[in-house]
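Visitor: I'm new to reading protein models. Could you walk me through this one, feature by feature?

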Amino acid sequence: MREHTKPDDFILVHGDDWSPTIGFYSERKSLTQRFANGNVFLRVLQNIDKYSGGLRLGAIVVCEANQHLPVDQETGRLLRGLTEKYRKARLANCIVLYLPSD
């Protein structure tokens, strides 16, 4: 995570049993939460400054056994757009989307 994000980047983590491990070991500020569904996840993404304190979102991590969030059709389309737009990698049992650096 440290190699692909900047020191002042923010990391959004879904799942991982609410563990702060990813943020702690990557030495990045993060929000780790088990989002109820894709709509809630998407709302957080759309208002990320509220959670990141204005830091740039450097990575999105999705840690789930089945690697997806229950979503409606519209939210599913938007979330699929993220996986097409950003670099995708695996980290243990997680999918990581590294956002392009500016």
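Visitor: Where does Val 62 sit?

Guide: Helices (H or I, at least four residues) and strands (E, at least two) are DSSP runs, numbered from the N terminus. Here, Val 62 belongs to strand β3, which covers residues 56-63. Before we go on, keep in mind that this is a predicted model, where local features need pLDDT of at least 70 and side-chain atom pairs count only at pLDDT 80 or more, while totals for chains, interfaces and linings use all residues. Residues are numbered from 1 along each chain as its sequence is written, and side-chain values use heavy atoms, with hydrogens and water left out.

Visitor: Is Val 62 buried or exposed?

Guide: Buried means under 20% relative accessible area, exposed over 50%, and partly exposed in between (1.4 Å probe, protein chains only). Val 62 has a relative accessible area of 13%, so it's buried. Looking at the protein as a whole, 44% of its 102 residues are buried.

Visitor: How far apart are Val 62 and Arg 34 in sequence and in space?

Guide: They're 28 residues apart along the sequence, with 9.4 Å from C-alpha to C-alpha in space.

Visitor: What order do the elements of the protein run in?

Guide: Starting at the N terminus, read β-α-β-α-α-β-α-β-β. That comes to four helices and five strands.

Visitor: How many disulfides does the structure hold?

Guide: A disulfide is a pair of cysteine sulfur atoms within 2.5 Å. This structure holds one, and it joins Cys 63 to Cys 94, with 1.8 Å from S to S. The pair links distant parts of the chain, 31 residues apart: Cys 63 is in strand β3 and Cys 94 in strand β5 (residues 94-98). Both cysteines, Cys 63 and Cys 94, are buried.

Visitor: Why is the disulfide of Cys 63 and Cys 94 called right-handed?

Guide: Check the torsion about the S-S bond: for Cys 63 and Cys 94 it is about 105°, so the disulfide is right-handed.

Visitor: And how many aromatic pairs are there?

Guide: Rings of Phe, Tyr and Trp (its six-membered ring) pair if their centres lie within 6.5 Å; planes under 30 degrees apart count as stacked, over 60 as edge-to-face and the rest as tilted. You'll find two pairs here. Phe 24 and Tyr 25 are edge-to-face, at 5.0 Å centre to centre and 85° between the planes, and both Phe 24 and Tyr 25 are exposed. Phe 35 and Phe 41 have ring centres 5.1 Å apart and planes at 70°, so that pair is edge-to-face. Phe 35 is buried at 0% relative accessibility, and Phe 41 is buried at 2%.
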